Structure formats: structure tokens, C-alpha cells
Amino acid sequence: MKKLVTVLGATGIVGSKAIEIIRENPEKFEIFGISGHSNVSSLVSFAIEFSPKYVVISNLVLFSELEKQLNHLNIEILSGDEGLTFLASQKTDILVAAITGFAGFEPIFKAVNSGIDIALANKEALVAGGHLLMPLAKEKGVNIIPIDSEHNAIFQCMMGQNWSEVDNITLTASGGPFLTKKSAEVQNIPPSEALKHPTWNMGAKISIDSATMMNKGLETIEAAWLFDIRKEQISALIHPQSLIHGIVKFKDQSVISHMAPADMKVPISQALAWPERLKIKIKEINFTEVESFDFQEIDTGQFPCYGLAYELIEENPCYSIALNAANEIAVNLYLNYKLQFGDIFTLVAKTIDMVQVTNLTDYQSIIDYDKYARDIAVSLKF
Ligand code: MG
């Protein structure tokens with residue numbers, strides 16, 4: 001039987017790859033709904049190709065343009081956050097959550113609450129709301145299959161294994177474009193340089209997060225929630241070849257690691273097809289051409305964003321929300337030439353210093369707290 005799939009963030013890099021995999025496997029998948037933020041032409045072409053039941057554009061301003069181009073088809077077109085949460089709550093077999101940033105939190109929450117399995121590419125939702133999302137997923141019997149390549153690697157290492165026998169896990173990091181540069185050298189470096197990732201092809205937000213290594217910090221928080229493990233069991237290492245994506249060490253000192261080409265099609269296809277696997281066509285690893293597997297510790301002096309995020313595992317969730325909110329503000333300012341690269345860390349650290357913690361008991365309180373932290377981050381002057 002075909003799996004019915006909803007793809008949120010269908011026009012981004014991860015979402016488009018999910019669509020590509022679905023296109024290559026028409027006997028396995030059928031698209032139920034898609035969403036995009038502002039890329040009308042991609043949404044129109046996906047809609048014409050796949051005839052989904054729903055198409056959502058989250059940018060309200062573009063609704064009429066999308067509607068005009070699709071009005072000859074029998075497709076329901078929705079917009080804004082309301083459209084997004086409506087689509088996310090509709091019953092499908094799996095929902096690909098590929099919206100970047102905290103914007104993904106509410107639709108993911110709604111999908112989990114509706115009992116829908118999630119292929120999760122969005123790490124910010126767990127960083128900000130893991131303390132609410134994971135217990136809810138358990139209560140609703142929802143499977144969350146990570147698409148973030150390191151977490152998907154750990155997920156694969158753990159198939160047939162038992163978490164009670166795990167000593168620790170290691171997430172790998174390419175080191176990003178500034179691995180060999182000193183902090184002073186990158187203080188004023190322009191976005192064009194920071195966007196040049198050495199091994200992965202990704203969206204702008206995550207590329208900047210990789211350059212600061214905030215991405216790896218967010219991933220350690222994500223891992224703690226996703227796998228329900230302690231801070232001391234989680235670490236990250238730089239592995240510039242980006243071939244080994246995750247490592248699990250068991251109590252008998254056995255190590256299982258996951259290796260794959262640095263192509264998001266691997267984790268996306270694994271998550272979509274799980275518990276099966278799909279045949280995908282990408283450049284294979286040629287072992288005779290692999291010169292070495294290098295590993296090194298992350299220098300938190302060089303990459304303070306990593307250290308800052310890691311320290312927040314097991315702390316009050318307010319701090320992780322503030323970290324994520326301030327980081328989204330800082331990255332956006334930087335991409336618009338309104339903040340220097342080196343000040344991304346300073347803005348985030350100052351925001352965390354300034355927030356007052358409170359009790360976050362429901363999803364609305366998380367959304368409100370994110371807004372509160374953003375207001376503080378925006379008010380800081382550099
Ligand atoms: Mg990752």
C-alpha cells in the first residue's frame with residue numbers, strides 16, 4: 001500500500017529532495033499535501049505534477065497569486081499559519097517536517113497531537129519545545145524519525161539495539177567553512193564566505209549555523225530530547241570528510257557507526273521508507289579513494305556558539321528557547337549585513353543572560369516565550 005505523505009517546507013532543499021524521492025518511487029508514495037513559504041513557482045509545479053489534496057503557502061501576501069495559477073485544478077489552497085497547522089493536523093501516514101526554524105514548531109506540535117508520524121528535519125522545534133513534544137509523541141504513539149543526518153545516523157545505529165546498553169553517542173561535524181580560521185579572522189567575514197559549506201548543500205540558515213557551529217550545539221540539545229539521554233552521554237567531534245555521521249558506543253566497548261555519502265537523500269529516504277529502504281541513485285563512497293578518517297575535538301574558544309548551546313542541555317527549557325530565538329534573529333541580521341559574524345555569539349549570549357525563566361506548561365507558552373526572547377534579541381544594539 002502506498003504511503004500518504006505531507007511535505008511541509010516542500011520548496012526548500014530538504015523538502016525538494018523528499019519530493020524527488022517520492023517522484024522516483026510512485027508505487028510507494030502519494031503526496032497528500034505540500035506547503036512552502038514564498039516560492040510560488042515551485043509550489044505550482046509540484047501541485048500540477050502530484051495533484052495533492054492541499055497546497056499551503058505560509059506567506060499570506062502570495063495567496064492570491066498561487067490561487068490564480070492553480071484555480072483550474074481540484075486542489076484546496078490555504079495560507080498562513082492557520083493553513084499550515086490545518087494541513088499538519090490532517091491524517092497522513094507520514095509528515096515530512098522540513099520547515100526551517102521555530103516556524104516549524106506549531107505545525108509539528110499539531111501533527112504530533114493528531115497522532116501523525118513525523119520525518120523530522122526541523123531541529124529548532126525540539127530545541128525549543130522538546131520537553132513538551134517528546135512526552136506528547138509518546139502519549140500519542142507517534143514515531144519521530146529524524147532526518148537531521150547525524151540523528152538519522154544514530155537512529156540507524158540503534159536499530160535492533162537497546163538504549164539501556166548505550167554508554168554514549170557522538171555526533172560528527174564537518175567543521176564548516178571556517179574550520180582552519182581563527183576567531184579574529186572571521187569577525188567581519190561576509191555572508192558569501194560563510195555560505196560556502198565544504199561538504200553539504202544546505203539552506204542559508206543552517207549554512208550559517210554550520211559556520212558558527214551553533215548547528216552542532218543545537219543538534220546536541222536535539223539529541224538529548226530525541227533519544228532521551230543525558231548530557232554526559234552526548235558529544236560531538238569534527239570529522240572533515242563528512243562520511244561518518246553518527247557513532248554509538250555500547251557498554252561492552254562495541255562501537256557502531258553510520259557511514260554514508262554526504263547527501264541528504266540518504267536520511268530522507270531512510271525516514272520516508274522506514275522500516276524499509278529504498279534504492280537511491282547518488283554518488284557512492286569509493287573506499288579506495290578515502291584517504292583518511294580524521295577526528296578532532298571542537299575548540300569552544302574558536303566556536304563559542306557550540307559550547308554555549310551544549311551547556312544548555314538539561315537546563316531550564318527557557319534558555320534553549322532564548323538561544324534558538326536569538327540565533328534566528330542574529331543569523332537573519334548577519335545575512336542582511338546588519339551584524340558581524342563574530343557578534344552572532346555575543347547577541348545570543350546576551351539574550352540568554354537577559355531572559356527571566358518562567359514555567360512553560362503548554363505549547364502557547366512556548367510560542368509566547370519565543371516571542372519574548374526575540375523582542376529582547378532585537379532590542380540589543382551592536
Ligand atoms: Mg545535521
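Predicted model: local features only at pLDDT ≥ 70, side-chain atom pairs only at ≥ 80, totals over all residues.
Local features need pLDDT of at least 70 and side-chain atom pairs count only at pLDDT 80 or more, while totals for chains, interfaces and linings use all residues. Residues are numbered from 1 along each chain as its sequence is written, and side-chain values use heavy atoms, with hydrogens and water left out.

Strands (E, at least two residues) and helices (H or I, at least four) are DSSP runs, numbered from the N terminus. Two strands pair if DSSP finds at least two bridges between them. Strands β1 (residues 3-8) and β2 (residues 29-36) run parallel and are joined by 6 bridges. Thr-6 stands opposite Gly-33 in β2.

Helices α1 (residues 13-24) and α2 (residues 40-50) have axes that come within 12 Å and cross at roughly 20°. That makes α1 roughly parallel to α2 (angles under 35 degrees). Axes are lines fitted to C-alpha atoms, for helices over the stretch in contact, and angles run from 0 to 180 degrees between N-to-C directions. Ile-19, Ile-22 and Arg-23 of α1 make the contact with Phe-46, Glu-49 and Phe-50 of α2. Contact means heavy atoms within 4.5 Å.

A second open sheet has 4 strands in the order β9-β8-β10-β11, with mixed pairing. Its edge strands, β9 (234-238) and β11 (255-259), each pair on one side only. The twist averages 20° from one strand to the next. Strand β10 (residues 244-250) runs antiparallel to β11, and 5 bridges join them. Gly-246 stands opposite His-258 in β11. Helix α7 lies across β8 (166-173), β10 and β11, at about 40° to β10. Helix α11 also packs on the sheet, touching β8 and β9; its direction makes about 150° with that of β8.

The magnesium ion has protein donors from Asp-148 (OD), Glu-150 (OE) and Glu-219 (OE), 2.0 to 2.1 Å away. Donors are N, O and S atoms within 2.8 Å of the metal (3.2 Å for Na, K and Ca); water is not among the atoms, so sites may look incomplete. The donor residues are spaced D-x1-E-x68-E in sequence. Glu-150 lies in α7 (residues 149-157) and Glu-219 in α11 (residues 214-227), 69 residues apart. Both Glu-150 and Glu-219 are buried (under 20% relative accessible area, 1.4 Å probe, protein chains only).

How values were computed. Buried < 20%, exposed > 50% of the residue type's maximum accessible area, 1.4 Å probe, protein only. Parallel < 35°, antiparallel > 145°, perpendicular 65-115°, else oblique.
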